[in-house]
Each structure stands twice: as structure tokens, then as C-alpha cells.
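Please keep the viewer open as you read.

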Amino acid sequence: MPVSASAIYFLNLRGDVLINRLYRDDVGGNMVDAFRTHIMQTKELGVCPVRQIGGCSFFYMKISNVYIVIVVSANANVACAFKFVVEAVALFKSYFGGAFDEDAIRNNFVLIYELLDEIMDFGYPQNLSPEILKLYITQEGVRSPFSSKAADKAVPNATLQVTGAVGWRREGLVYKKNEVFLDIVESVNLLMSSKGSVLRCDVTGKVLMKCFLSGMPDLKLGLNDKIGLEKESQLKSRPTKSGKTIELDDVTFHQCVNLTRFNAEKTVSFVPPDGEFELMKYRITEGVNLPFKVLPTIKELGRTRMEVNVKVKSVFSAKMFALGVVVKIPVPKQTAKTNFTVTSGKAKYNASIDCLVWKIRKFPGQTESTLSAEVELISTMTEKKTATKPPIQMEFQVPMFTASGLRVRFLKVWEKSGYNTVEWVRYITKAGSYEIRC
């Protein structure tokens with residue numbers, strides 16, 4: 001269920017009403033007094049952003065020195081309400097030059113009332129895009145003297161965007177060179193045992209795009225996901241081609257994606273916004289290709305010495321390489337001296353984080369590197385306690401490699417003028433939480 005807000009209040013830290021707007025007559029005008037009495041004047045403020053008082057629900061959020069309070073009398077979507085607040089604040093900042101505080105509200109009463117009438121109708125959120133609202137609410141706000149942000153210029157031809165047909169892209173764009181850049185960026189989250197067995201693993205990824213296209217182009221993106229390939233083979237009455245397919249979990253799309261066509265054809269079809277945006281996000285839990293395997297061996301030689309041996313092997317293709325590889329090996333706090341031997345890269349002891357830090361600038365595929373270290377400890381009189389050792393952590397970036405195996409099968413651009421486009425595709429895999437138990 002949408003927000004269906006009955007009223008919205010803007011209060012300062014003392015509880016004084018700066019500005020308010022009543023959208024329904026199912027709540028009284030004194031509801032703000034209940035918020036002041038039962039929430040602001042008690043220790044409950046800041047404990048929970050949702051409170052119920054006298055049959056009404058209060059959703060509130062503190063932005064700078066202002067409390068924004070939404071009052072609802074019926075069951076409502078809390079996440080949608082807070083999303084509305086965040087988007088509304090971003091809208092106000094775009095008009096006020098990047099500032100949103102008590103002074104900005106006092107200096108822009110008329111403009112705020114006009115915006116509140118546009119962004120919410122009878123308690124239901126409407127369009128909150130600054131680019132679109134500035135096309136027909138051209139009044140400029142009183143900008144903060146501390147703001148260095150230049151005022152945005154209104155653009156013509158607002159009719160199509162105001163109707164909601166393609167609200168994220170304006171007409172009349174012209175580029176000398178039409179280009180599309182697509183990046184698939186993945187983060188690998190791993191927990192591995194000291195013997196090399198995987199205890200937990202998943203991949204979170206996102207598809208980032210940067211479009212410099214003229215007119216109103218229609219793009220189609222094909223991936224090697226299992227459902228999409230099976231649907232395509234059914235529509236074309238042909239068997240699925242052999243090759244690796246993957247199953248995408250928890251997929252979320254940008255608003256420009258045509259969900260009706262995706263549900264019917266499993267094809268990502270969209271009219272892209274101009275410039276840079278995030279097309280989709282996803283998660284993979286099965287069939288993950290780990291870029292590295294780490295085999296640690298740590299031996300304690302008495303109370304004052306340790307031997308540390310760590311072998312790191314790259315599993316990806318020999319034609320690829322990883323950049324910025326960092327291996328952090330935890331050691332006891334009473335470490336006094338360390339001696340290293342590494343087959344590649346450099347290593348040192350970082351006392352501030354109690355770790356041996358091993359850095360390799362460039363790590364080729366299908367190779368392995370080892371670190372051997374002797375650690376001398378300060379002798380202590382206290383009895384040694386058996387505690388859980390922190391895991392070894394890795395950082396890396398592998399260009400042109402995806403841990404999920406996701407690949408772009410095609411990227412088609414159609415525009416009525418029929419111009420030629422240049423498509424660029426790049427893959428990047430990074431370490432998320434890449435941990436190996438000692």
C-alpha cells in the first residue's frame with residue numbers, strides 16, 4: 001500500500017512548526033502537539049523513527065536541524081514514506097543550492113508550498129525528479145550564500161516528460177559521436193577455511209551504463225542468464241545453444257527498464273537516461289568462480305615465536321591479471337619483530353592494525369605467490385588464552401573477469417534516424433568481504 005499521508009510537518013529542534021501541509025481531513029491540526037509531547041519532550045526521540053499515538057502513525061526523520069514528520073491514519077508503506085522524504089530533501093536542495101536547514105526553509109516558504117502541492121496529491125507521492133519539476137516550476141529558490149553549485153537551467157520540450165512517458169530523458173539530445181559504455185562490476189564475498197574449502201560465498205553485481213546517444217534510442221541488452229536464454233529459445237523455436245548460463249537472484253532494475261517486456265520476453269529493453277546511471281543490480285549464490293585460492297599455515301613455536309606461510313594462487317585465465325592485490329594476515333598484538341620472504345610484491349608489519357600487509361601490484365593468472373614470515377613476540381607473564389583468530393583478508397581488482405560468469409551476449413541500439421553507435425563493454429571483479437580462516 002502506498003504512503004497515503006494525511007499531513008507533513010517541518011519542525012525545528014525546539015518543536016516549532018516551520019511549515020506544514022494537510023492532505024486529508026482525517027487528522028486534526030493539533031497532531032503536531034502529540035508529536036511534541038509524546039516524542040520530542042521525552043527520551044524516545046531518535047530511538048525509533050516510527051511511533052503510533054492515538055490511532056495515528058508518525059514517521060519522522062532528522063535532516064540537518066529540521067525534523068520532517070509524516071502523519072498517517074491508516075496502514076501505510078513505511079519504506080515508501082522514508083524514500084519520499086529522502087527524495088523530497090534532494091529536490092529541495094536542488095532548488096536551494098545544496099542547502100537544506102531551518103534558514104533555507106524560512107527563506108523559501110512560497111516555493112516549498114508549491115513543491116509540496118506537486119510532489120504529493122491527496123497523500124500519494126508523485127514525480128519528485130528535479131530535472132522534470134524544474135521544467136514547469138521555474139521559480140528559483142533563495143540560494144545559500146555558502147553554496148557554490150551553479151543553478152540548473154530549465155530545458156524546453158517538457159510535455160512528453162511531464163506526462164510520465166519518458167520522465168528520465170529529455171528530447172532534442174544531439175551528439176557528434178554516439179557511444180554507449182557498459183560496465184559489469186562485481187564484488188565477491190567469501191569465507192574460506194584454512195584447508196581451502198568454501199564455507200560461504202556469493203557475488204553481488206551491478207550493471208553501470210554511460211550513454212551519449214542522440215534522440216530517443218531504444219536499447220536491448222542480452223545476458224547469458226538461464227531464464228533469458230530459455231525464453232529466447234522458446235520464442236524462436238530453437239534449442240538453447242551450449243555454453244554457460246547463470247541464475248540471477250534478487251534482480252532490481254532502473255525505472256527506465258520496460259518490465260512488461262522483461263516479464264514476457266526476459267529481455268532488458270529500455271530508453272536510457274542521458275549520461276551515467278545504474279541499469280540493474282543482482283546477486284549470485286551458485287556457480288561462483290573464485291579468482292583466488294589462499295592456503296595459510298601458521299605455526300606457534302613456543303611463547304615468543306611464530307612462523308607464517310601463506311600461498312596465494314590465481315585461478316583465472318593466464319591471459320588476465322589482477323591489480324592492487326593486498327593480503328592482510330593478522331598477528332598478535334605483542335608482536336616485536338618480523339622477517340619476510342616473498343616471491344613477489346612487498347610485505348611489511350603494520351602495528352596499527354596488527355597485521356602483516358602483503359602487497360602485489362600486478363598478479364598474473366594461473367600463477368602462485370608465497371609469503372614466509374618469522375614473527376617474534378614479546379614475552380608476557382600472563383597465561384595465554386585460546387581465542388578465535390581473526391581471518392586473513394584480501395583486496396583485489398580483476399579486469400575483464402566476472403566471478404559469476406555473467407556475459408553480455410548483445411547490446412542493440414535502435415533509433416529512428418538510424419545512426420551508427422559504438423558500444424564499449426568492460427568487466428571488473430573486486431573483493432567484497434574476502435576472508436580466509438587461519
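1. A word on terms: contact, or touching, means heavy atoms within 4.5 Å. With that in hand, look at S269, which touches D218, L219, K220, C256, V257, N258 and R261, leaving out residues up to four places away in sequence. S269 sits in strand β12 (residues 268–270); helices (H or I, at least four residues) and strands (E, at least two) are DSSP runs, numbered from the N terminus. S269 is buried, at a relative accessible area of 2%, where buried means under 20% relative accessible area, exposed over 50%, and partly exposed in between (1.4 Å probe, protein chains only).

2. Before going further, please note that this is a predicted model, in which local features need pLDDT of at least 70 and side-chain atom pairs count only at pLDDT 80 or more, while totals for chains, interfaces and linings use all residues. Residues are numbered from 1 along each chain as its sequence is written, and side-chain values use heavy atoms, with hydrogens and water left out.

3. Now the overall picture. The chain holds 8 helices and 23 strands, and 42% of its 438 residues are buried. Among contacts in the chain with a separation of 6 or more, 70% are between residues 24 or more positions apart.

4. The largest nonpolar core has 62 residues, and M209, F270, L279, F292 and M394 touch the most other members. Strand β8 (residues 179–192) gives the largest share, 6 residues. At least three residues come from each of domain 2 (179–287 + 403–432) and domain 3 (292–378 + 389–399), with bounds from an automatic or database domain assignment. A nonpolar core here is a set of buried Ala, Val, Leu, Ile, Met, Phe, Trp, Tyr and Cys residues joined through side-chain atoms within 4.5 Å.

5. What is M209 in contact with, leaving aside its neighbours within four places in sequence? The partners are V180, F181, L182, L219, F270, G275, E276, F277 and L279. Apart from this core lies another, of 36 residues, among them L18, Y23, Y95 and I112.

6. Helix α2 (residues 78–96) is worth a look of its own. Its 19 residues reach 27 Å from the first C-alpha to the last, close to the 27 Å expected at 1.5 Å a residue; the expected span is 1.5 Å times one less than the number of residues. Buried residues of α2 include F82, F92 and Y95. At the start of α2, a side-chain oxygen of N77 comes to within 3.1 Å of the backbone nitrogen of A79, and just after the helix G97 has a positive phi of about 80°.

7. K134, in helix α5 (residues 130–136), counts as buried at 12% relative accessibility. Where does the side chain of K134 reach? It reaches the backbone oxygen of S94, at 3.0 Å. S94 is itself one of the buried residues of α2. A polar contact is a pair of N or O atoms within 3.5 Å; within protein, one must be able to donate a hydrogen and the other to accept it, and residues adjacent in sequence count only if both atoms are side-chain atoms.

8. T338 lies in strand β17 (residues 335–342) and is buried at 17%. T338 touches Y349, L356, E374 and V375, not counting residues up to four places away in sequence. The C-alpha atoms of T338 and Y349, 11 residues apart along the chain, are separated by 7.0 Å.
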